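Hi,

Here's the model I promised to pass on.

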Amino acid sequence: MAAITGPSSISVRSRPHQTLALSRANGLKPVSLSCYGRSSLSFGLQQRSAQLRVSCAAKPDTVDKVCKIVRKQLALPDDSAVSGESKFSALGADSLDTVEIVMGLEEEFGISVEEESVQSIATVQDAADLIEKLIEKNKA
Amino acid sequence: MNIHGLQRNFCSAPTTLLPVQLPTRMESHLCGDELQKRALLARALVRTTIARYTNDRVDPRSLNFKKNGYGKPEVEWQIADDWQPPALQFNISHTSSLIACGVTVDSPIGIDVEEKQRKLKHHILAFARRYFSSHEVEHLTSISDIEIQRQQFIKLWTLKEAYVKALGRGFSASPFKTFTIQLKAAAKRGIYLSRDVESEISEISVDSLGSENLTNNWQFLLLELAGSHYAAICMQKHNTLGGKGNVPIKLTARRTIPLVEDECVLGTSAVVPISGLTF
């Protein structure tokens, strides 16, 4: 919860229930802003709420790189629908493809993925999140 | 080649029973609808096959399935007063052009199929160094012909997959580096099983490199299916009475379109044993 002082006071809180569907769709954890202020507010934000989405998942750049590697491995055209929520199995990847994809990710990002973690990677987003976790670990 | 002759010498149980789907022309990576169709076909294949081996007592539609703790599918038999269900276990594998279902009596089974022409995006030895055991890397490195090296790689991959699937605990619980598949030339016997009468029969075994000793009881079969696929099958060994030697595998292979067509293809060019059949 954050509070901003000034002519109006804005409180920020997350509303998990109504925004869960959105967060699943694009891998972002949303935060909603509710504005409470006096009626003399000049910009009339009184009792209106705005949605501010803040990304807490892997960087879009990482997701894009994963998509590129997946497309290459599965020989999919550049314009094929591959995004964070794409499941490897739904894209037609079998176990050998998945292992090759992981190997491609290791080479691209300079990381090492334990075989134990491979099974937990079901979507592109899963792979991207794991990559960033491993990169962070390497830095530490 | 004379598979039929061997069957006369086999003892009773355990048996490996192997229906096989004829290849159809499809892309090498299926998407969307085609994936759904394949999933449907695979389910139909499993149901009709298991039902057949209940002597048709059970309707394919009425079979229930569950998953073990690691997600491996199993039959969940309904308890009936007047009937003891057979101890059938199964496993399936598929490529874009073939679905294979292996069924055994009383033995865990793992099966993996792969297109013979499958090519890796990575360099084979780099891939093997990353994922295979050092013994297997050595074996592959020693092969100078690139095409034969690639074929041996695919065979090793299917054998390793079949083993992990037989264990039933998933890829992550049995990482590929923790065990080695060995292909040993066996002593020549009276009847040769390969097309080339000159070549030796090889035995396939697995050695665990980790602390767990899971590997005593497993035996392997490597076949060529429909001229286009390698198939590896892993199942448990059963000892003969008196504990000397192993009961040989009695293999049946059928090519089937569930509910439409069904023919035994053992002894035809559709099923060519490569390694592992011993007697």
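Two strands count as paired here if DSSP finds at least two bridges between them. With that in mind, and remembering that this is a predicted model, take strand E10 (residues 229-236) of chain B: seven bridges join it to E6(B), and the two run antiparallel. Within that pair, B:Gly110 sits opposite B:Cys234 in E10(B).

Both strands belong to an open, four-stranded sheet in chain B, ordered E6-E10-E9-E13 with antiparallel pairing. Strand E6 (109-115) and strand E13 (271-275) of chain B are the edges; each has a single partner strand, so one side of each has no neighbour in the sheet. From one strand to the next, the twist averages 25°. H5(B) packs on this sheet and touches E6, strand E9 (218-225), E10 and E13 of chain B, with its direction at about 150° to that of E6(B).

Now for the interface. Chain B puts 23 residues in contact with 26 residues of chain A, and the two chains bury about 2100 Å² between them, 53% of it on carbon and sulfur atoms. There are three salt bridges between chain B and chain A. A:Asp97 and B:Arg118 form a salt bridge, with their closest N and O atoms 3.0 Å apart.

On the side of chain B that touches chain A, the elements giving two or more residues are helix H2 (32-52), helix H3 (124-131), helix H5 (146-167) and helix H6 (170-173) of chain B. The residues on that side split into 12 nonpolar, five polar and six charged.

Cheers

Definitions and conventions:
Residues numbered from 1 in each chain as written. Chains lettered and ligands numbered in written order. Predicted model: local features only at pLDDT ≥ 70, side-chain atom pairs only at ≥ 80, totals over all residues. Heavy atoms only, no water. Contact = heavy atoms within 4.5 Å. Buried area = accessible area lost by both parts, 1.4 Å probe. Salt bridge = Lys/Arg side-chain N within 4 Å of Asp/Glu carboxyl O. Nonpolar A, V, L, I, M, F, W, Y, C, P; charged D, E, K, R; others polar. Axes fitted to C-alpha atoms, helices over the stretch in contact; angles between N-to-C directions.
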